[in-house]
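I opened my notebook to walk through this fold one piece at a time. Here is what I looked up, in the order I looked.

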Amino acid sequence: MRVLVTGSAGTIGRVVVPGLAGLGHQVRGLDLVEHAAGGSLGTVVGDCTDPTVATWAVTGVEAVVHLAGDPGDGSLGHSLDSHALSTGRLLDAMVAAGVRRIVYASSNHAVGMTPRSAGLVGVDLTPRPDTFYGVAKVAAEAVLGLFADRHQISAVACRIGSFQPRPRTRRHLATWLSPADCVRMVDAGLAVERPGLHVLWGISANSSAWWDLAPGRALGYEPVDDAQAYADQLPERAEDAFEGAHVGGDFAGAAYTRPAGDTS
């Protein structure tokens with residue numbers, strides 16, 4: 001499949017681009033910076049919120065993997081531009097070009113204020129973002145849903161947990177997404193043909209998972225790695241209890257509080 005990967009120079013993009021290529025996909029990269037990991041279809045340098053860039057980038061592809069966006073918690077306006085507006089621009093370009101599949105890097109922070117419970121957390125939660133970053137992910141999922149319904153697009157929103165080479169904290173025993181499983185997740189999302197918005201948890205096959213993998217498995221995502229393999233290498237920390245109290249970990253804390261009018 002010919003695939004556009006936005007954010008191809010980012011932390012996840014640098015894993016997904018060669019991973020998809022290794023599975024036989026032809027990949028075009030899109031990022032703000034020049035880089036060498038664009039894939040066999042080359043690289044577009046530009047901002048996907050620019051309609052001209054978005055139109056050029058989707059030309060000739062069959063699907064989009066949208067990883068671009070500021071991973072930090074910026075102002076409300078910046079976050080919405082970076083995540084929701086960029087998604088809308090790409091979807092506009094996709095509709096015009098007849099592209100009907102998108103896999104989106106959403107986040108657990110879209111429901112980060114949800115308290116931890118004894119059972120597994122599904123994907124049908126009421127949005128409870130923990131930051132403006134989380135608010136923007138909620139908005140981006142809503143844009144995906146609108147376009148999926150109006151234009152018969154298959155949109156897979158992956159609520160990614162903790163993408164790391166290996167777990168680093170006790171929370172990651174539940175939330176870790178390994179690089180190899182990330183590629184498996186994206187590849188499974190690309191294979192979904194059914195129009196509509198489909199949401200899955202972007203985590204590995206963690207024995208201590210908080211979140212239900214069944215929706216992802218129903219879409220063909222079969223993770224392999226388990227954070228439990230690293231459990232004896234993760235020391236207990238004072239922060240562990242707080243980070244385990246909400247879906248979003250420390251993002252649910254007061255340290256991430258900021259006024260909606262803040263433009264810094």
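Entry 1: For my own use: helices (H or I, at least four residues) and strands (E, at least two) are DSSP runs, numbered from the N terminus. Two strands pair if DSSP finds at least two bridges between them. Angles here run from 0 to 180 degrees between N-to-C directions, and axes are lines fitted to C-alpha atoms, for helices over the stretch in contact.

**A note on the model.** This is a predicted model, in which local features need pLDDT of at least 70 and side-chain atom pairs count only at pLDDT 80 or more, while totals for chains, interfaces and linings use all residues. Residues are numbered from 1 along each chain as its sequence is written, and side-chain values use heavy atoms, with hydrogens and water left out.

**Entry 2: strand 5.** Is strand 5 enclosed or open? Seven of the seven residues of strand 5 (residues 101-107) are buried, so the rest of the structure largely encloses it. Buried means under 20% relative accessible area, exposed means over 50%, and partly exposed lies in between (1.4 Å probe, protein chains only). I remembered a rule: in a regular strand, side chains alternate between the two faces of the sheet. In strand 5, Arg 101, Val 103, Ala 105 and Ser 107 point one way, Ile 102, Tyr 104 and Ser 106 point the other way, and all are buried.

Next I checked the partners. Strand 4 (residues 63-66) pairs with strand 5 in the parallel sense over three bridges, and Val 65 stands opposite Val 103. Strand 5 also runs parallel to strand 6 (residues 154-160), joined by seven bridges; there, Ser 106 has Arg 159 as its bridge partner.

**Entry 3: on to strand 9.** Strand 6 and strand 9 pair in the parallel sense over seven bridges. Strand 9 is mostly covered, with six of its seven residues buried.

**Entry 4: helix 3 and Ala 84.** Strand 4, helix 3 and strand 5 make a right-handed β-α-β unit. Right-handed means that, with the strands pointing away from the viewer, the path from the first strand over the helix to the second runs clockwise. I picked Ala 84 in helix 3 (residues 76-97). Its relative accessibility is 11%, so Ala 84 counts as buried. Leaving aside neighbours within four places in sequence, Ala 84 is in contact (heavy atoms within 4.5 Å) with Ser 79, Ala 136, Ala 139, Ala 140 and Val 143.

**Entry 5: helix 1.** Which residues of helix 1 are buried? I listed Gly 13, Val 16, Val 17, Gly 19 and Leu 20. The buried residues of helix 1 pack against strand 1, strand 2, strand 4 and helix 6. Helix 1 (residues 13-22) and helix 6 (residues 179-190) pack at about 60°, with axes 9 Å apart. The contact is made by Val 15, Val 16, Gly 19 and Leu 20 of helix 1 and Pro 179, Cys 182, Val 183, Val 186, Asp 187 and Leu 190 of helix 6. After helix 1 comes Gly 24, whose phi is positive, near 100°.

**Entry 6: two last residues.** His 172 lies in helix 5 (residues 172-175) and, at 7% relative accessibility, counts as buried. Not counting residues up to four places away in sequence, His 172 touches Ser 162, Gln 164, Pro 167, Asn 206 and Ala 227. Gln 152 sits in the loop between helix 4 (132-151) and strand 6. Gln 152 counts as partly exposed, at 49% relative accessibility. Its phi is near 55°, a positive value in a residue other than glycine.
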